[in-house]
Amino acid sequence: MKTVRMVQAIPTMKAMRGRIALKKHCVRKVSKSSSCFADALEVRARHRAALTILFLAIAASLCADELPRKVKAPRETYPNVDVIYDSVAAPDGKRLRTILTKPRDAKGKVPVIFVAGWLSCDSVEAPAGAKDESGLVFRGLAQLPEFALFRMDKQGVGDSEGVCAATDFESELAGYRAAFRALKKYDFLDPKRIYLLGISNGGGFAPLVPELDAEQAQVRGYISVGGWVKTWFEHMLEIERRRFALMGKSPGEINDRMKEAATLYHEWLIKGRSVDDILKEQPKLADLWPEGKDHAHLYGRPLGFYRQLQQLNLAAAWSRVKVPTYVLRGAFDWIMSREDSELISAYVNKNGDLASFYEIPNTGHTFQHYLSLADAFKGKSAPFDPKVIALLADWLRNKAITHED
């Protein structure tokens, strides 16, 4: 937050009164002339105008820096935790909401957990009374006495400017990179102890957030939750096979559908053709498209977003990671495959004994508690199980506190 020193910028009222009094004295001396009185009035008007202009300039400056609040929910609050609502400018100029929490009584610089979020257009804000599982996890992490927590809402989400449904992946990643670089402006954060928590899509691209070698050196550890590492084309084929099975299709029907799905996604992701053109040419594939008649979006994001995901080489990115890594996957995650999580761990471990993989029982894709895979597919969740917060906290404390350089 900026501090504006009004005393330095504006003459004191006492000084202004003194200047006006001199003009009044002039009026008394030259009573036959109105010129001095007119001058006095002019000074008053001039000072008022100057004050008005200055106050308006200050207000405009503050408004320009302050990202307007669009969300109606109250801001996050916690006992013994400072919450800083701020913003960062993406390369295209859009201002993105950032939320930083820090322990109020922390001494010295504290390590920070930086969140790389999911694919959907859901906010990372977690006000009191939040009921979604990720929000509850964030609230738990925000109250850890040893860590700060930094989150960013992508373009068009929460208070952030832009349109999420029209934002491609490269723009979203550029926003995360700008947010990562903004950490250095907070003098209470330890720039050499950044822990990247990637969730879902973020659990795959997390190593891409620190772009430069110097930035990568700031990261002391990664946590990947429900991440991916294969190509997006492979992911689409795998999720479709699971989806068809959970829909109750027979093994034979699943194989028939997979042949058609392979055609659809190859034409779209590999050849780069529009879904409209593909379905007009092969109408029998229309029933396979998850979004029905909406041929411009998938899971709420523009189709170009996924072509950019297809261009990523996340296997290469994770193979460059040389810091402790914790790979988590829910046992009832039907969206991302177990093999992806195992591969992330394996790629990192080629650089030393650095990664561990754990599959969380009775858990879905992003911290949801389910009693069966069928319930997970239907979204029929059981009450939140806070053990997932403990899993994250225990690993962070171990790597941050007992494995210092």
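The torsion about the S-S bond of C121 and C164 is about -85 degrees, so this disulfide is left-handed. The model is predicted. C121 and C164 are joined with an S to S distance of 2.0 Å. The structure holds 1 disulfide.

**The disulfide and its surroundings**

C121 sits in the loop between strand 3 (110-116) and helix 4 (133-142), and C164 sits in the loop between strand 4 (148-152) and helix 5, so the bond ties together parts that are 43 residues apart in sequence. Is each cysteine buried or exposed? C121 is partly exposed, because its relative accessible area is 31%. C164 has 5% relative accessibility, so C164 counts as buried. The cut-off for buried is under 20% relative accessible area.

W118 is found in the loop between strand 3 and helix 4. W118 is buried, with a relative accessible area of 9%. Which residues does W118 touch, not counting those up to four places away in sequence? They are S123, V124, S134, F138, K154, E172, I199, S200 and N201. W118 and G203 are 85 residues apart in sequence, and their C-alpha atoms are 7.9 Å apart in space.

**Overall build**

The protein has 405 residues, and buried residues make up 46% of them. Its secondary structure comes to 15 helices and 10 strands. Take the contacts with a separation of 6 or more: residues 24 or more positions apart account for 74% of them.

In soluble globular proteins, nonpolar side chains tend to be buried together. Here the largest nonpolar core has 72 residues. Within that core, F114, Y265 and W268 touch the most other members. A second, separate core has 29 residues, including V115, V137, L141 and Y195.

Leaving aside neighbours within four places in sequence, W268 is in contact with R273, V275, I278, W289, L298, L303, Y306 and R307.

**Helix 11 and its two partners**

Helix 11 (residues 303-311) packs with helix 5 (residues 169-182). Helix 11 also packs with helix 9 (residues 251-270). The table sets out both pairs.

| Helix pair | Angle | Axis separation |
|---|---|---|
| Helix 5 and helix 11 | about 70 degrees | 8 Å |
| Helix 9 and helix 11 | about 85 degrees | 9 Å |

Angles of 65 to 115 degrees count as roughly perpendicular. Helix 5 is therefore roughly perpendicular to helix 11. Helix 9 and helix 11 are also roughly perpendicular to each other.

Which residues make the contact of helix 5 with helix 11? F169, E170 and E172 in helix 5 meet F305, Q308 and L309 in helix 11. By class, this contact has 3 nonpolar, 1 polar and 2 charged residues. E172 is also one of the residues that W118 touches.

On the helix 9 side, W268, L269 and I270 meet L303, Y306, R307 and Q310 in helix 11. By class, the contact of helix 9 with helix 11 has 5 nonpolar, 1 polar and 1 charged residues.

The loop between helix 9 and helix 10 (275-281) holds G272. G272 has 40% relative accessibility, so G272 counts as partly exposed. Apart from neighbours within four places in sequence, G272 is in contact with E267 and R307. G272 and G304 are 32 residues apart in sequence and 9.3 Å apart in space, C-alpha to C-alpha.

**Two positive phi angles**

S200 is not a glycine, yet its phi is positive, at about 60 degrees. S200 is found in the loop between strand 5 (189-199) and helix 6 (201-205). S200 is buried, because its relative accessible area is 8%. S200 is also among the contacts of W118.

F367 is not a glycine either, and its phi is positive, at about 75 degrees. Where is F367 found? F367 lies in the loop between strand 10 (355-360) and helix 14 (373-378). F367 has a relative accessible area of 3%, so F367 is buried.

Key. Residues numbered from 1 in each chain as written. Predicted model: local features only at pLDDT ≥ 70, side-chain atom pairs only at ≥ 80, totals over all residues. Heavy atoms only, no water. Axes fitted to C-alpha atoms, helices over the stretch in contact; angles between N-to-C directions. Helix = DSSP H or I, 4+ residues; strand = E, 2+ residues; numbered from the N terminus. Parallel < 35°, antiparallel > 145°, perpendicular 65-115°, else oblique. Contact = heavy atoms within 4.5 Å. Nonpolar A, V, L, I, M, F, W, Y, C, P; charged D, E, K, R; others polar. Disulfide = S-S within 2.5 Å. Buried < 20%, exposed > 50% of the residue type's maximum accessible area, 1.4 Å probe, protein only. Core = buried A, V, L, I, M, F, W, Y, C linked by side-chain atoms within 4.5 Å.
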